[in-house]
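This report walks through selected parts of one protein chain. Please keep the sequence and the structure in view while reading.

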Amino acid sequence: MPTHLSHPPTAIVRMADAGDLYTSWRWTHDSHPGGVGVAPAVQVDEALAALARALPDLTDPQGLHHALTAGGFSAYEPEHDLAQLLSRTFLPFGLAQQLHELFTRGVRPHLRIQPSPRVAQVPWELIAPDAGLRLVDIADVSLLAPLSIVHSPGRPVRAWTHTRQLPVVAVLDPRVPGFRADSALGSVLGRMAADSPLSQRVATYAGEGRLLPAVDGPTECFRREDVDREWLGAALRDGAGRLVYVGHVTAAAPESGQSEHAELHLACAADSVGFAEPTRAHRPLSAKDLLLGTHTLTAEPIRGTDLWPIPSRVALIACESGGDLRFSEALGLVSAMIAGGAELVTASRWALPTDLAFQRIAGATSHSCPLQDAICSIDAAHELPDAVGALCDWQRDRVAAWQDERTIEHSPVLWAAFATVSTH
């Protein structure tokens with residue numbers, strides 16, 4: 001099997017739409033020749049339509065039910081067929097040849113991909129260059145942060161090597177004012193037991209004195225009513241090594257062009273200062289807030305990066321939390337986190353099924369908790385020096401479990417949703 005190297009070969013892969021999809025790649029240090037591939041528009045449309053039919057569509061009352069019981073990710077064979085279609089469409093032949101050559105030598109390169117907005121939901125890790133072989137089996141995969149954000153003047157940079165011992169700021173399933181637990185912005189985790197996997201991780205950080213909010217028992221970290229934008233700002237300004245958010249994200253449709261309207265739903269009341277419109281008793285925290293702070297909202301405005309200094313590593317575990325990459329001008333939550341100082345952000349390409357959905361809709365066993373396990377795995381990876389490699393190791397493990405078990409709790413409908421955007 002390919003192995004991690006201290007300095008693996010790295011390819012920068014960029015995509016551009018011009019009717020057809022153009023993909024160029026170059027290898028750093030000129031370790032291999034670069035190249036260009038072209039996917040015809042008709043083929044791209046066919047592949048993206050097949051992917052869209054497999055994804056949970058929360059705008060359709062039956063969308064989640066279809067995705068978990070009849071869609072392309074609901075069983076191994078149709079998913080594998082879809083993965084091969086995606087590979088034939090989006091992986092240029094010349095790059096595939098180079099990856100195969102490295103694979104036969106036992107070398108696992110790193111692919112840093114900058115997809116065009118049109119193909120931002122493609123799960124690159126999952127595509128199958130050959131039967132039974134996934135891209136993540138032969139390469140580590142991450143997404144390139146938008147260069148316009150990374151190199152923006154005055155952008156703060158917080159290095160993981162300097163901040164790794166600082167607290168973990170955890171906003172876990174906050175209670176959104178005006179919404180019951182079983183409503184649209186209700187609980188995503190359900191009632192948490194003290195011995196659940198995520199509660200145990202929370203307890204470990206609390207025991208080390210590395211958890212904010214500080215709690216006496218691990219279950220006190222969930223469904224809190226005080227984790228609003230003011231609390232979050234104060235916690236981040238006190239110094240944080242990481243931010244973990246588990247909850248709801250809502251965003252404008254890509255065709256609107258308004259990526260900055262993506263919103264985190266914290267425990268913020270409607271009278272909170274911010275750009276987002278209130279919903280019932282609640283005002284969301286938008287990407288625009290994180291980017292602009294209180295500009296035009298208060299007599300003495302404060303910059304977003306001063307109100308919410310973002311730590312080096314961020315996990316946004318919510319439906320389409322990485323959706324800004326689908327916009328031609330990415331100014332959503334991922335970009336706002338990077339603009340605020342993050343080096344690495346893990347977010348979701350599409351809507352995430354909850355553990356309750358897996359159990360009630362798809363018939364998963366009552367003790368299975370795929371979402372909670374995914375949160376724990378992402379959180380554990382963010383604790384390690386090579387977070388990208390650790391996250392890809394997790395997805396390789398998920399690929400193997402899916403191939404061996406072929407049961408819905410192992411389906412990539414959940415774990416393939418996650419992509420990691422990094423600045424280097």
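## Basis of the model

This is a predicted model, in which local features need pLDDT of at least 70 and side-chain atom pairs count only at pLDDT 80 or more, while totals for chains, interfaces and linings use all residues. Residues are numbered from 1 along each chain as its sequence is written, and side-chain values use heavy atoms, with hydrogens and water left out.

## The recorded domain

An unreviewed UniProt entry lists residues 82-420 as "domain: CHAT". UniProt positions are given here in the numbering used for this chain, feature names are shortened, and annotations may be inferred rather than shown by experiment. Over residues 82-420 the chain is 33% helix and 12% strand. Helices (H or I, at least four residues) and strands (E, at least two) are DSSP runs, numbered from the N terminus. The end C-alpha atoms of residues 82-420 are 22 Å apart.

## Helices α1 and α3

Helix α1 covers residues 41-54, and helix α3 covers residues 76-90. Their axes come within 10 Å and cross at roughly 150°. Here, axes are lines fitted to C-alpha atoms, for helices over the stretch in contact, and angles run from 0 to 180 degrees between N-to-C directions. The angle makes α1 roughly antiparallel to α3; the classes are roughly parallel under 35 degrees, roughly antiparallel over 145, roughly perpendicular from 65 to 115, and oblique for the rest. The crossing of α1 and α3 is left-handed, a term for a near helix turned anticlockwise from the far one by less than a right angle, with right-handed used if it is turned clockwise.

Which residues make the contact between α1 and α3? On α1 they are Q43, V44, E46, A47, L48, A50, L51 and A54, and on α3 they are L82, L85, L86, R88, T89 and F90. Contact means heavy atoms within 4.5 Å. By class, this contact of α1 with α3 has 10 nonpolar, 2 polar and 2 charged residues. Ala, Val, Leu, Ile, Met, Phe, Trp, Tyr, Cys and Pro count as nonpolar, Asp, Glu, Lys and Arg as charged, and the others, Gly among them, as polar.

## Helix α14 and its two partners

Helix α14 (residues 370-382) packs against helix α15 (residues 387-405) at an angle of about 150°, with the axes 8 Å apart. That makes α14 roughly antiparallel to α15, and their crossing is right-handed. A374, S377, I378, A381 and H382 of α14 make the contact with A387, A390, L391 and W394 of α15. The contact of α14 with α15 has 7 nonpolar, 2 polar and no charged residues.

Helix α8 (residues 197-207) also packs with α14, at about 30° and with the axes 8 Å apart. That makes α8 roughly parallel to α14. P197, L198, S199, R201 and Y205 of α8 meet Q372, D373, I375, C376, D379 and A380 of α14. By class, the contact of α8 with α14 has 6 nonpolar, 2 polar and 3 charged residues.

## Buried residues

H80 is found in helix α3. Is H80 buried or exposed? At 9% relative accessibility, H80 counts as buried; buried means under 20% relative accessible area, exposed over 50%, and partly exposed in between (1.4 Å probe, protein chains only). Leaving aside neighbours within four places in sequence, H80 is in contact with A128, D130, A131, G132 and R134.

F73 lies in the loop between α2 (63-69) and α3. F73 has 1% relative accessibility and so counts as buried. R283, in the loop between β10 and β11, is buried with a relative accessible area of 15%. Not counting residues up to four places away in sequence, R283 touches several others, including R229, C268 and E277.

## Backbone details in loops

The peptide bond from L212 to P213 is cis, with omega near 10°. P213 is in the loop between β7 (211-212) and α9 (229-237).

R280 has phi near 55°, a positive value in a residue other than glycine. R280 lies in the loop between β10 (263-264) and β11 (285-286) and is exposed, with a relative accessible area of 60%. T296 has a positive phi near 75° and sits in the loop between α10 (287-292) and α11 (304-307). At 60% relative accessibility, T296 counts as exposed.
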